[in-house]
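This report describes the ligand site of one protein model and a few local features of its backbone. The sequence and the structure are shown first.

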Amino acid sequence: MADLLAFEDSRGSGTPVLFLHAFPFDHRMWWRQRDTLAREGVRSIAVDLPGFGGSASILRRSVDEFADEAARVLDHLGVPRAIVVGLSMGGYVSLAFARRHAARMAGLLLADTRSSGDTEEGKQGRNTNIERARREGSAAVFDAMTKAWAPNPDPAHVAEMRAMAASQSVDGVIAALEMMRDRPDGTSRLPEIRVPTSVVVGGADDLTPPSLAEIMARAIPGATLHVFDGAGHFTNVERPAEFDRVLLDLVRRKSD
Ligand code: MLT
C-alpha cells in the first residue's frame with residue numbers, strides 16, 4: 001500500500017475544510033485561508049498531492065487516484081465529510097473527488113479551474129512542459145505559466161509562488177503533468193453534484209478563463225459564481241480577502 005499523503009491538520013470544530021493545491025505547488029499555498037479559518041474556529045486540512053511537498057516520493061498516474069489519496073487522508077483522520085476547496089489542478093482533483101466520494105463532501109469551492117479535459121493542443125503543451133521540466137527543472141515550468149498572471153502582478157506574490165514551485169521534485173512535476181494531460185472530461189457529471197458549491201475565477205485569468213467557470217456554475221445545481229475583476233489565476237493569493245469571504249460563506253452554507 002502507498003504511504004499516506006503528507007498533510008497539515010489545524011484545530012477547530014465542525015466539518016473541516018480540505019484544501020487541494022494547484023500545480024506545481026503544495027499545501028503552503030493555502031496559508032492565508034487557513035489563518036482565516038483558524039481565527040473563525042474552523043478546522044482545515046491541507047494535503048500535499050502525490051509528487052509534491054512532503055508527498056514527493058509518492059507517484060500516482062490518474063486524477064482518480066489523486067482523489068482517492070485525498071479521501072484516504074480523511075479516513076486516517078476519522079473525518080466523515082469535508083468541504084473540499086481546490087484551485088486549478090486542485091479543482092481537477094476536487095471534481096474527481098466529487099465523482100468518486102460524493103458522500104464525503106459537504107461543500108465544494110472550485111477556483112480557477114475547468115471541468116473539461118485537455119485539448120489536443122493542451123496535451124502538446126503538457127509534453128513540452130515535461131521536456132522543459134526534465135531539461136531545466138521545476139521553476140522553469142512555473143516561469144512558462146505566463147498566462148496565469150494579470151498584467152503587473154505583485155512581485156511578492158510571484159516570488160512566493162516561484163519559490164514554492166522551485167522546491168518541487170522534477171519527478172513529481174512530470175507525473176502531475178501526465179496526470180493532467182490524461183484526465184477525462186468531467187463536464188457531463190457536473191449536474192450530479194448536490195452540495196453547496198461556489199465557483200471562483202479571476203476576471204483576467206487567461207489559463208482558466210471566466211467562460212470555463214461559467215460552464216461549471218451553470219451545470220452544478222445552485223452553484224454561485226464569483227468573478228474577481230482584474231485578478232489572475234491564483235485568486236486565493238492575489239485576492240485573499242475576497243476569496244475568504246466566499247469561503248466563509250460556503251462554510252456557513254455547507255450541507256449537514
Ligand atoms: C494549475 O494552476 O494547477 C495549473 O495551471 C493547471 C493546469 O495546468 O491545467
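Helices, of at least four residues, and strands, of at least two, are DSSP runs numbered from the N terminus. In these terms, Asn152 belongs to the loop that joins helix H5 (138-143) to helix H6 (155-166). The model is a predicted one.

**Ligand site**

The ligand sits in the largest pocket. Its surroundings consist of Ala22, Phe23, Ser88, Met89, Tyr92, Arg126, Met145, Met180, Leu207 and His233. Sorted by class, this shell holds seven nonpolar, two polar and one charged residues.

| Residue | Protein atom | Distance to a ligand oxygen atom |
|---|---|---|
| Met89 | backbone N or O atom | 2.9 Å |
| Tyr92 | polar side-chain atom | 2.5 Å |
| His233 | side-chain N or O atom | 2.8 Å |

The ligand taken alone exposes 270 Å², and the protein buries 92% of that area.

**Backbone features at the shell**

Pro24 itself is placed in the loop between strand E2 (13-20) and helix H1 (31-39).

Ser88 is not a glycine, yet its phi is positive, at about 55 degrees. This residue lies in the loop between strand E4 (82-87) and helix H3 (89-100). Is Ser88 buried or exposed? With a relative accessible area of 8%, Ser88 is buried, because the limit for that class is under 20%.

Ser88, by contrast, is buried.

Trp149 is likewise found in the loop between H5 and H6. How far apart in space are Trp149 and Gly202, C-alpha to C-alpha? The distance is 9.6 Å, while the two residues are 53 residues apart in sequence.

Note on methods. Residues numbered from 1 in each chain as written. Predicted model: local features only at pLDDT ≥ 70, side-chain atom pairs only at ≥ 80, totals over all residues. Heavy atoms only, no water. Near = heavy atom within 4 Å. Polar contact = N/O pair within 3.5 Å; in protein donor to acceptor, adjacent residues only side chain to side chain. Areas by Shrake-Rupley, 256 points an atom, 1.4 Å probe, with all protein chains shown as cover. 1 Å grid on protein atoms, 1.4 Å probe; cavity = no way out; pocket = protein on both sides within 12 Å on 5 of 7 lines; lining within 4 Å. Sits in = over half its atoms within 2 Å of the grid points. Nonpolar A, V, L, I, M, F, W, Y, C, P; charged D, E, K, R; others polar. Buried < 20%, exposed > 50% of the residue type's maximum accessible area, 1.4 Å probe, protein only.
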